[in-house]
Each structure stands twice: as C-alpha cells, then as structure tokens.
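Here are a few notes to read alongside the model. Have it open and follow the points in order.

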Amino acid sequence: MIRRSVAAAVLLASASFAHAGEVYGNIGLPGAMLGYAHPVNSNFTVRGDIGSLGRYKERRTEDGIAYNAKINAHRAGLFGDYFISGGLRLTAGVTFNNVKADLEARGDGVTAWEVGDTTFVASPDDRFNVKVEYPKTTPYLGIGYGHHQESGWGFVFDLGASFGKAKVSETHSGPNLGNPALVSQEDIDKEMAEIRDDVGKLKVIPQVSIGVNYRF
C-alpha cells in the first residue's frame with residue numbers, strides 16, 4: 001500500500017513536471033529569439049533563450065571619417081522571473097554576448113580626413129580600422145509580462161538591458177597614417193578618445209521584445 005502511494009506520488013510529480021515546460025519565441029531587440037522556461041513555483045520561473053540580429057553591413061560616419069561597418073549581434077541568456085502581480089514580473093539574469101562592430105575606413109586620394117588635430121588627403125593605401133566589442137558576459141535586469149499561464153498559448157513582453165561598457169581598439173597603416181611626422185600618435189590617441197566618448201554613451205545592450213509562448 002505504501003509502495004503504491006509512493007509510486008502514485010512520484011508519477012503525479014513527474015506528470016506535473018513534464019507538463020510545466022514552456023517554449024517561447026520573441027522578436028525585437030536583440031533580434032529573433034527562441035527559449036525554454038520552467039516554473040519553480042507559482043511565483044518564480046527560470047528560463048534560457050538565444051537571440052540574434054544576425055550579421056549585417058552599413059556605411060557610417062564617425063568624426064568626419066566614413067567607415068564600412070560589419071556588425072555582429074548574437075546573445076544567449078539565463079534568467080529568473082519573479083512574478084509580482086499576475087503575469088507582471090521582475091527579471092534578473094546573465095547574458096553571454098557576441099556583439100561587436102568592425103569599422104574600416106579607406107582613403108580615396110580625394111577626401112580629406114581629420115585625425116586628431118591633423119587634416120590631410122587620405123591616399124588609397126591609408127587604412128584606419130576600429131573595433132568595438134561589448135563584454136562577453138553581462139548582468140541583465142528588466143521587467144516583463146508573461147510566462148505565467150497554466151497551459152496553452154500566451155503573450156510575452158520584455159523590457160530590459162544587459163549592462164556593460166564596450167572596448168574600442170584600432171589599427172592604422174598607409175603612407176600618411178603610417179607617417180608619424182604627418183599624423184602623430186597624439187593625433188591617433190585624440191581621435192580614439194573621441195570615438196570612445198561616442199561609444200561610451202551606450203553602456204547597455206537593450207532588450208525590447210514581444211512574442212508568444214506555449215506551456216505544455
């Protein structure tokens with residue numbers, strides 16, 4: 001009799017656990033996301049997801065220099081949701097990021113560049129490359145709605161951010177940029193300080209996303 005009761009309890013617990021799992025998909029920032037969530041109790045859920053904006057290219061100008069930018073934006077995350085009222089929740093966790101931009105500027109023999117305090121016409125062999133990369137691991141805080149229904153389809157929303165400051169580095173070469181008598185290291189350092197100041201204004205990787213979930 002005891003064995004039957006224990007077996008029944010184990011089966012019931014296993015069934016509850018098996019049917020509590022949830023899959024979800026979001027879209028927004030940071031791109032398209034797919035994840036899995038599981039409730040610990042009525043007030044707390046743990047989940048993980050992956051998201052990506054993919055890889056794309058664009059042309060942008062920083063401090064008067066035109067760059068060809070290659071941007072990668074991928075992320076994975078582990079989160080805990082604490083429900084404060086119905087489906088309204090507070091979220092904390094950690095994200096694992098591959099968010100970086102490679103900016104390459106090439107001279108054309110016509111356009112004048114201003115690097116630091118020096119202005120010159122950049123030759124076709126002049127290169128000024130800047131790499132911007134966010135930390136691989138960052139804390140996450142946010143608020144949201146969803147991941148709370150007992151079964152079936154639901155609606156989810158997230159607003160939050162991963163916190164971390166980007167690192168900025170550079171390489172340069174060419175007959176003008178590689179000539180310290182024309183473009184000094186002080187000019188290079190000043191140009192990089194201006195770029196770091198611009199990039200430093202964004203100290204978060206934002207998340208604003210909506211989606212649907214299905215709990216089994």
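1. What volume does the largest pocket have? About 620 Å³. Before going on: this is a predicted model, where local features need pLDDT of at least 70 and side-chain atom pairs count only at pLDDT 80 or more, while totals for chains, interfaces and linings use all residues. Residues are numbered from 1 along each chain as its sequence is written, and side-chain values use heavy atoms, with hydrogens and water left out.

2. A word on terms. On a 1 Å grid over the protein atoms alone, a pocket is an open set of points with protein on both sides within 12 Å along at least five of seven lines, a cavity is a set where a 1.4 Å probe fits but cannot get out, and lining residues have an atom within 4 Å of a point. Points are joined across faces, edges and corners, and a volume is the space filled by probe spheres set on them.

3. Back to the largest pocket: 23 residues line it, and Arg60, Ile71, Val99, Tyr134 and Leu202 are the closest to its centre. β3 (44-62), β4 (65-85), β5 (88-106), β8 (127-133), α2 (185-200) and β12 (204-215) each give at least two lining residues. (Helices, H or I with at least four residues, and strands, E with at least two, are DSSP runs numbered from the N terminus.) By type, the lining has 18 nonpolar, 1 polar and 4 charged residues.

4. β1 (residues 22-29) and β2 (residues 31-41) run antiparallel over 7 bridges (pairing takes at least two DSSP bridges), as a hairpin with 1 residue between them. Ile27 sits opposite Ala32 in β2. β2 also pairs with β3, antiparallel over 9 bridges, with 2 residues in that hairpin's link, and Leu34 faces Ile50 in β3.

5. Finally, the largest nonpolar core has 25 residues; Tyr67, Trp113, Phe128, Val130, Val132, Leu177 and Ile195 touch the most other members. (A core joins buried Ala, Val, Leu, Ile, Met, Phe, Trp, Tyr and Cys through side-chain atoms within 4.5 Å; buried means under 20% relative accessible area with a 1.4 Å probe, protein chains only.) β4, β5, β6 (112-115), β8 and α2 each give two or more residues to this core.

Technical notes. Ala, Val, Leu, Ile, Met, Phe, Trp, Tyr, Cys and Pro count as nonpolar, Asp, Glu, Lys and Arg as charged, and the others, Gly among them, as polar. Buried means under 20% relative accessible area, exposed over 50%, partly exposed in between (1.4 Å probe, protein chains only).
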